[in-house]
2 protein chains.
Amino acid sequence: MNKQDVKKLVQVVEAYCTKEGMRFTDPRRHVLEIVAASDKPIGAYDILARLGERLDNPKPPTAYRAIEFFEQHGFMHRIESLNAYVICYADHRHEGSQFMICDVCGKAIETHLCHLPADLMARTRAEGFVVSGWSAEIHGRCRDCLNP
Amino acid sequence: MNKQDVKKLVQVVEAYCTKEGMRFTDPRRHVLEIVAASDKPIGAYDILARLGERLDNPKPPTAYRAIEFFEQHGFMHRIESLNAYVICYADHRHEGSQFMICDVCGKAIETHLCHLPADLMARTRAEGFVVSGWSAEIHGRCRDCLNP
DNA sequence: TCAAAACTGCTATAATATAACACTCCCAAA
DNA sequence: TTTGGGAGTGTTATATTATAGCAGTTTTGA
């Protein structure tokens, strides 16, 4: 995400926080900017390292708290298979997240499906299973890494 | 999995190892039995603890190596959102794994879809992304935990 | 203006996972 | 039959990821 887009995102999130009566504090702003500026999913301790360039010797909970906050409000997703975090551009909360993750360059492309794919939905129905959230992580090679 | 089924699984895996020229060693057998006997996904350190009832003071690598071995050969899956491992009953290697995970009782039900759901497949095509593996983890409540 | 809620900073520690190295076991080729 | 190599183990140490708990600060709203 370029600087311009990061700025916009910060504005959107700040507006959201104000509207919802939540605080858009310094550590939160920094973490948001750091994750947004990264061109690929970024781990908590890498976030923390970058945070160290902006705050005085921050500790893990500072990063994790901000991450948790943004996850809860739908502005970030955790990518389980990477232990890493990415910005979610969708301006809505959704129960599911899905990513194509390139194992060569490490970039993750989010596919904003709104519903659980039919095949899987059918299985949950058959099992009498009630879905509260889901995620799909697809590994492979992205176009750029296939045609170098 | 009951004792009878664990026994069968062990036989199947042992036969597979022999056929493929791999060793079905003591630590491997124990780890397989422990994971198979668990009624829900089990973490590496819980496996290790159980292993301690069968071997003399085993260390983390002993558990992790066996887990890695079984993952590679398609007899176990890792559930990323739980940091835990389960037996895969399918007698084939597959590129994808999918689970319904009950957040109440912790059990995981595998759905053995052989192909990436069409919606997701369409997205990978559109992106020129070549899939090497994928997983879906669906959280919610299982039938038993809905009708107690 | 003050109480409550939200948030931060910090210490400590939990939980998960792997690197590296010496040693053993087993098979198969000489 | 020995011997050499690959597969596997045992062990130490350490890396990586994540959270509990508590004291103090900021914000808000009654």
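Met76(A) stands opposite Ile87(A), a residue of strand S2(A). The model described here is predicted, so that local features require pLDDT of at least 70 and side-chain atom pairs count only at pLDDT 80 or more, while totals for chains, interfaces and linings use all residues; side-chain values rest on heavy atoms, with hydrogens and water left out. Residues are numbered from 1 along each chain as its sequence is written, and chains are lettered from A and ligands numbered from 1 in the order in which they are written.

Strand S1 (residues 76-79) and strand S2 (residues 84-87) of chain A run antiparallel and are joined by four bridges; strands are taken to pair if DSSP finds at least two bridges between them. S1(A) and S2(A) form a hairpin with four residues between them, and in the turn Asn83(A) has a positive phi of about 50°.

Chain A as a whole contains six helices and five strands. Here helices (H or I, at least four residues) and strands (E, at least two) are DSSP runs, numbered from the N terminus. Read from the N terminus on, the order of elements in chain A is α-α-α-α-β-β-β-β-α-β-α. The C-alpha trace of chain A spans about 50 × 45 × 30 Å along its principal axes.

DNA strand C is surrounded by 19 residues, and the closest are Thr25(A), Arg65(A), Tyr45(B), Tyr64(B) and Arg78(B); a residue is near a strand if one of its heavy atoms lies within 4 Å of it. Of the atoms of DNA strand C within 4 Å of the protein, 48% belong to sugar or phosphate, and the rest belong to bases. An N or O atom in the side chain of Arg23(A) is 3.2 Å from a base nitrogen of DNA strand C, and a polar side-chain atom of Arg65(B) lies 3.2 Å from a base nitrogen of DNA strand C.

Four helices each supply at least two residues of the surface near DNA strand C: H2 (26-37) and H4 (60-72) of chain A, together with H3 (44-51) and H4 (60-72) of chain B. H4(B) gives the most to this surface, with four residues. By class, the surface near DNA strand C has eight nonpolar, four polar and seven charged residues. In this division Ala, Val, Leu, Ile, Met, Phe, Trp, Tyr, Cys and Pro count as nonpolar, Asp, Glu, Lys and Arg as charged, and the others, Gly among them, as polar.

DNA strand D is surrounded by 18 residues, the closest being Tyr45(A), Tyr64(A), Arg78(A), Thr25(B) and Arg65(B). Sugar or phosphate accounts for 46% of the atoms of DNA strand D within 4 Å of the protein, and bases for the rest. An N or O atom in the side chain of Arg65(A) is 3.2 Å from a base oxygen of DNA strand D. Phosphate oxygens of DNA strand D lie 3.3 Å from a polar side-chain atom of Tyr85(A) and 2.2 Å from a polar side-chain atom of Thr25(B). H4(A) provides the largest share of the surface near DNA strand D, four residues. The residues of that surface divide into eight nonpolar, three polar and seven charged.

The protein chains also meet each other. In this interface, 36 residues of chain B are in contact (heavy atoms within 4.5 Å) with 36 residues of chain A. Chain B and chain A bury about 3000 Å² between them, 64% of it on carbon and sulfur atoms; buried area is the accessible area (1.4 Å probe) that two parts lose on being put together, summed over both. Leu120(B), Phe129(B) and Ile138(B) supply 20% of the area that chain B buries against chain A, more than any other three residues.

Strand S5 (residues 130-141) of chain A and S5(B) pair in the antiparallel sense over 11 bridges. Within this pairing, Val130(B) in S5(B) is the bridge partner of Arg141(A).

How values were computed:
Polar contact = N/O pair within 3.5 Å; in protein donor to acceptor, adjacent residues only side chain to side chain.
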